[in-house]
Amino acid sequence: DILLNALEIKGFFREYLSFGGFPEIVLSSNEEFKQKVLISYYEDIINRDIVQRFKVKKIEQLKAVVHFYLTNISSHISFNSVSRFVKLPVETTRRFSSYIEISDLVFFVKRFSFSVKEQENSPRKVYSIDVGLSNMVGFKFSKDFGKVAENLVALKLKTFVKLSSGREIYYWKNHYGDKEVDFVVKDGLEVKNLIQVSWDISNEKTKKREINALLKAMEEFKLKEGLIITEDYENEEKIKGKKIIFTPLWKWLCDSYKNEKTTWMN
């Protein structure tokens, strides 16, 4: 029972937030071992899956691009901005990014638009295939649990899309760029779900901002229900005739793994 085992589940979840989900990592309780394994995985992906497979000559520049992405998980990126940062031509950055995504080290989520051109020209959001890798390799002063949480939601949705033909995920931004929803789940021609990730919803200003963005997107896509995933806050609120569901990430992940066809997927 999830509720009876909540404390134990939360303990495992905290480990997952820090070290990711590779089986060899999960089965070990030794932090030093976990760190060594993650570095080993990272080096294997770089050397075998990218450098050898695609015959990359500029290895240090490739690593710089990877490092940039793993440092900036759950953030907007454009190939132009990355190329300026790592001092590479835009086309080289685009090619390296393709190699990195094919190797399953990171993946990108595009902005939702009915225009394919706008989708391609808008910044993407970048996510790590495993948060343990981004925590270990990316440069950080402190752990940003909000970005890690969003990455975990992206990973679950990516798995869901693979299992469901015709479904896609995007992020949404309004025309003025002042409101954003983290995930749009599209099924065929219709948008079915909107998911916002807000780790700490205790600040009333933050809560209002997240709700307003979700309401705006719900209005655009004519949806009556939206989801906000949090650290621990759980509730349902009716606002302007719309239902906003708040649920903790650990519980959402448990429900999702238990039943791949939970309501947020329908």
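Residues are classed by relative accessible area: buried means under 20%, exposed over 50%, and partly exposed in between, with a 1.4 Å probe and protein chains only. The structure is a predicted model, in which local features need pLDDT of at least 70 and side-chain atom pairs count only at pLDDT 80 or more, while totals for chains, interfaces and linings use all residues. Residues are numbered from 1 along each chain as its sequence is written, and side-chain values use heavy atoms, with hydrogens and water left out.

The protein holds eleven helices and nine strands. These elements are DSSP runs numbered from the N terminus: helices are H or I with at least four residues, and strands are E with at least two. The radius of gyration is 19 Å, close to the 18 Å that the globule rule gives for 266 residues, so the protein is as compact as a globular protein of that length. This radius is taken over C-alpha atoms, and the globule rule is 2.2 Å times the number of residues to the power 0.38. The C-alpha trace spans about 55 × 45 × 35 Å along its principal axes. Of the 266 residues, 48% are buried. A contact means heavy atoms within 4.5 Å. Among contacts with a separation of 6 or more, 56% come from residues 24 or more positions apart.

An open sheet of six strands runs in the order β4-β5-β6-β7-β9-β8, with mixed pairing. Its edge strands are β4 (167–173) and β8, each of which pairs on one side only. Neighbouring strands of this sheet are turned by 25 degrees against each other on average, direction ignored. Two strands pair if DSSP finds at least two bridges between them. Strands of a sheet pair through backbone hydrogen bonds, either parallel or antiparallel. Strand β5 pairs with β6 (residues 190–197) in the antiparallel sense, over five bridges. Val185 stands opposite Asn193 in β6. Helix α10 (residues 204–221) packs on the sheet and touches β4, β5, β6, β7, β8 and β9 (242–248). The direction of α10 makes about 175 degrees with that of β6. Axes here are lines fitted to C-alpha atoms, for helices over the stretch in contact, and angles run from 0 to 180 degrees between N-to-C directions.

The whole structure contains 19 salt bridges. A salt bridge is a side-chain nitrogen of Lys or Arg within 4 Å of a carboxyl oxygen of Asp or Glu. One of them joins Lys125 and Glu180, with the closest N and O atoms 3.3 Å apart. This pair links distant parts of the chain: Lys125 is in strand β3 (residues 124–128) and Glu180 in strand β5 (residues 180–187), 55 residues apart. Lys125 is buried, at 2% relative accessible area. Glu180 also counts as buried, at 18%. Both belong to a network of salt bridges that links Lys125, Glu150, Lys173, Glu180 and Asp182.

A further salt bridge connects Lys251 with Glu234, the closest N and O atoms being 3.0 Å apart. Lys251 lies in helix α11 (residues 249–258) and Glu234 in the loop between β7 (225–230) and β8 (235–239), so the pair ties together parts that are 17 residues apart in sequence. Lys251 is buried, with a relative accessible area of 12%, whereas Glu234 is partly exposed at 45%. Within helix α3 (residues 31–54), Lys36 and Glu32 lie four residues apart, about one turn of the helix. Their side chains meet in a salt bridge of 3.5 Å, N to O. Lys36 is exposed, at 55% relative accessible area.

Asn135 is placed in helix α8 (residues 131–137). Its relative accessibility is 17%, so Asn135 counts as buried. The Asn135 side chain reaches the backbone oxygen of Ser18 at 2.9 Å. Beyond its neighbours within four places in sequence, Asn135 is in contact with Leu17, Ser18, Lys140, Lys143 and Val148.

Backbone angles complete the description. Most residues other than glycine have a negative phi. Lys55 has a positive phi, near 55 degrees. Lys55 is found in the loop between α3 and α4 (59–71). Lys55 counts as exposed, because its relative accessibility is 64%. Asp104 also has a positive phi, of about 65 degrees, although it is not a glycine. Asp104 sits in the loop between α6 (90–102) and β2 (106–109). Asp104 is partly exposed, at 38% relative accessible area.

How values were computed
A polar contact is a pair of N or O atoms within 3.5 Å; within protein, one must be able to donate a hydrogen and the other to accept it, and residues adjacent in sequence count only if both atoms are side-chain atoms.
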